[in-house]
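These are my notebook entries on a structure that I looked up. The sequence and the model are placed below for reference.

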Amino acid sequence: MINFVLFLIVIALSAIFRLTNLDLIEFKTDEASNLFLSSRLLYGHSLPPGGIATSTGILNPPLFIYLLLPFTFMSTHPKFITFIIAFANVLAIGFLFLIIKKYYNQTLAFIVSLLIAFSPWAIIFSRKIWPPDIVLPFAVVIFYSIHKITIEKKTKFWIPLSAFLLLITQLDLAYIFFALILFLFLFLSKPQINIKYIMFGLIIG
């Protein structure tokens with residue numbers, strides 16, 4: 001019962017600053033461009049081959065645009081799309097609590113979850129129509145997969161790990177460095193490697 005109550009507290013506190021006051025969200029050129037590209041099908045246009053351009057002029061991959069696409073058929077209002085992104089982040093924090101509780105302990109899970117729930121930067125980067133704002137749910141899947149591989153020795157989780165590491169780089173190209181470093185440290189821990197599952201995950205990604 002205590003576990004469930006703490007889980008609800010984490011969800012509630014994560015939601016307070018993410019799902020309320022959506023009239024105060026940031027909505028400038030990048031957010032408007034992402035929303036415009038994701039709603040192209042509504043106006044008879046084809047799917048865009050890329051996302052918005054980076055500061056260096058390189059187009060981002062279109063993954064974020066495709067993730068938003070189904071929700072634009074419900075509404076293209078910026079507050080609705082932002083609510084979907086924020087809600088995904090709230091759920092991610094809840095699942096992170098459950099993962100840490102399972103592999104470590106409840107106290108640590110509660111502390112970490114609250115730090116993320118109240119982190120100003122984590123709040124800001126969960127309330128915009130911008131690719132980095134959906135990174136946390138992907139990161140939680142990666143976090144869970146690593147524990148399944150290293151602690152439970154379940155090699156099939158190389159599939160979601162490889163897939164989501166490749167997908168997260170499609171949200172922001174800078175995460176390529178994160179993926180490479182993570183793979184390096186993971187291999188240094190000498191887990192049981194399954195090349196077939198890794199390749200399958202990369203194909204999905």
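Entry 1. Does Lys190 count as buried or exposed? I found that Lys190 counts as exposed, because its relative accessibility is 73%. Here buried means under 20% relative accessible area, exposed means over 50%, and partly exposed lies in between (1.4 Å probe, protein chains only).

I noted that this is a predicted model, in which local features need pLDDT of at least 70 and side-chain atom pairs count only at pLDDT 80 or more, whereas totals for chains, interfaces and linings use all residues. Residues are numbered from 1 along each chain as its sequence is written, and side-chain values use heavy atoms, with hydrogens and water left out.

Entry 2. I looked up backbone angles. Lys190 has a positive phi of about 55 degrees, although it is not a glycine. I located Lys190 in the loop between helix 9 (175-188) and helix 10 (195-204). Helices (H or I, at least four residues) are DSSP runs, numbered from the N terminus. Asn21, not a glycine either, has a positive phi of about 55 degrees. I placed Asn21 in the loop between helix 1 (2-16) and helix 2.

Entry 3. I turned to helix 3 (residues 63-72), whose buried residues are Leu63, Phe64, Ile65, Leu68, Leu69 and Thr72. These buried residues pack against helix 2 (29-38), helix 4 (78-103), helix 7 (135-150) and helix 8 (158-171). Contact means heavy atoms within 4.5 Å.

Entry 4. I then checked Pro137, which lies in helix 7. Leaving aside residues up to four places away in sequence, Pro137 touches Ala88, Asn89 and Ala92. Pro137 and Ile93 are 44 residues apart in sequence, and I recorded 8.1 Å between them in space, C-alpha to C-alpha.

Key:
Helix = DSSP H or I, 4+ residues; strand = E, 2+ residues; numbered from the N terminus.
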